[in-house]
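Please read it with the structure open.

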Amino acid sequence: MLSACRSDFYLMKSTVRFYLIAQIFLFFIAHLYDSQYLYLFYPTLTAIMLSLSTNLQSASTGFAGILLSSPLSRKNIVIGRYLFLLGFSIPVVILSSAVMFILKDATAYETIRLILIFSTIIITLQSVFTPLTYMLKPNYITIAFFTIFFAPAIIVMLLKPFLERSNFDIENLISTIESIYNSLTALSLILLASLILLAISMIISIAVFNKKEF
């Protein structure tokens, strides 16, 4: 697994270096706009873009097929991909939170809350997106990525007029979301659910990759 993880790192080494340098620049933007969320939004977006770049480059170059000529099993290749992406993403989120904590005088509660929220977003999107990269051809991966990334916003936009015309209690929904947002326990449970989804995602990816022909 670690060998597969290192292989993905060598494949994407220049991209990882670029994202890390860009992250330093984005810290200055977040500090300039005096926004706590920008400190975490940028690394989250970077993590998601790394996922897209890695899966696209691996699929387009036939890198996964090359790995099959090594002693690595297909299971280890898939798990290595997950480890590589999350091994980059989650530490960057934690590092960004630490920078925010120092520069913006954020409380420990606010910092932990944001780590939980953005880690959940990364893990959930990774869980949904990665199995599709093993199922789809390279030219469809980008379409699937942006569909998954923008689908929640599109669904909310489509449902908003309907909910406003109905008797649905939007204020109660907003109140519920705010109570979840302000509860570390609730956010921790949601993160746990995303980790369960990640485990299911790995199982699906392994099953699909085992049947994939190169």
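1. **Ground rules.** This is a predicted model, in which local features need pLDDT of at least 70, side-chain atom pairs count only at pLDDT 80 or more, and totals for chains, interfaces and linings use all residues. Residues are numbered from 1 along each chain as its sequence is written, and side-chain values use heavy atoms, with hydrogens and water left out.

2. **Annotated spans.** The unreviewed UniProt entry puts "transmembrane region" at residues 16–33, 45–70, 82–103, 115–136, 143–163 and 183–209. UniProt positions follow the numbering used here, feature names are shortened, and annotations may be inferred rather than shown by experiment. Residues 82–103 are 100% helix and 0% strand, with end C-alpha atoms 31 Å apart. Residues 115–136 are 95% helix and 0% strand, and their end C-alpha atoms also lie 31 Å apart.

3. **Helix α5 against α9.** Helices here are DSSP runs (H or I, at least four residues), numbered from the N terminus. Helix α5 covers residues 74–103 and helix α9 residues 184–211; they pack at about 140°, axes 9 Å apart. Axes are lines fitted to C-alpha atoms over the stretch in contact, and angles run from 0 to 180 degrees between N-to-C directions. The pair is therefore oblique. Under 35 degrees counts as roughly parallel, over 145 as roughly antiparallel, 65 to 115 as roughly perpendicular, and the rest as oblique. From α5 the contact includes R74, K75 and Y82; from α9 it includes S201, F209 and K211. Contact means heavy atoms within 4.5 Å. The contact residues divide into 9 nonpolar, 3 polar and 3 charged. Nonpolar means Ala, Val, Leu, Ile, Met, Phe, Trp, Tyr, Cys and Pro; charged means Asp, Glu, Lys and Arg; the others, Gly among them, are polar.

4. **Helix α6 against α9.** These axes also lie 9 Å apart, but the angle is about 20°. α6 and α9 are therefore roughly parallel. Their contact residues split into 19 nonpolar, 10 polar and 1 charged.

5. **I117.** I117 is in helix α6, residues 108–135. Residues up to four places away in sequence aside, I117 touches Y181 and L187. I117 and L187 are 70 residues apart in sequence, yet 6.8 Å apart C-alpha to C-alpha.

6. **S97.** S97 sits in helix α5. Neighbours within four places in sequence aside, S97 contacts L40, T111 and I115.

Notes:
Helix = DSSP H or I, 4+ residues; strand = E, 2+ residues; numbered from the N terminus.
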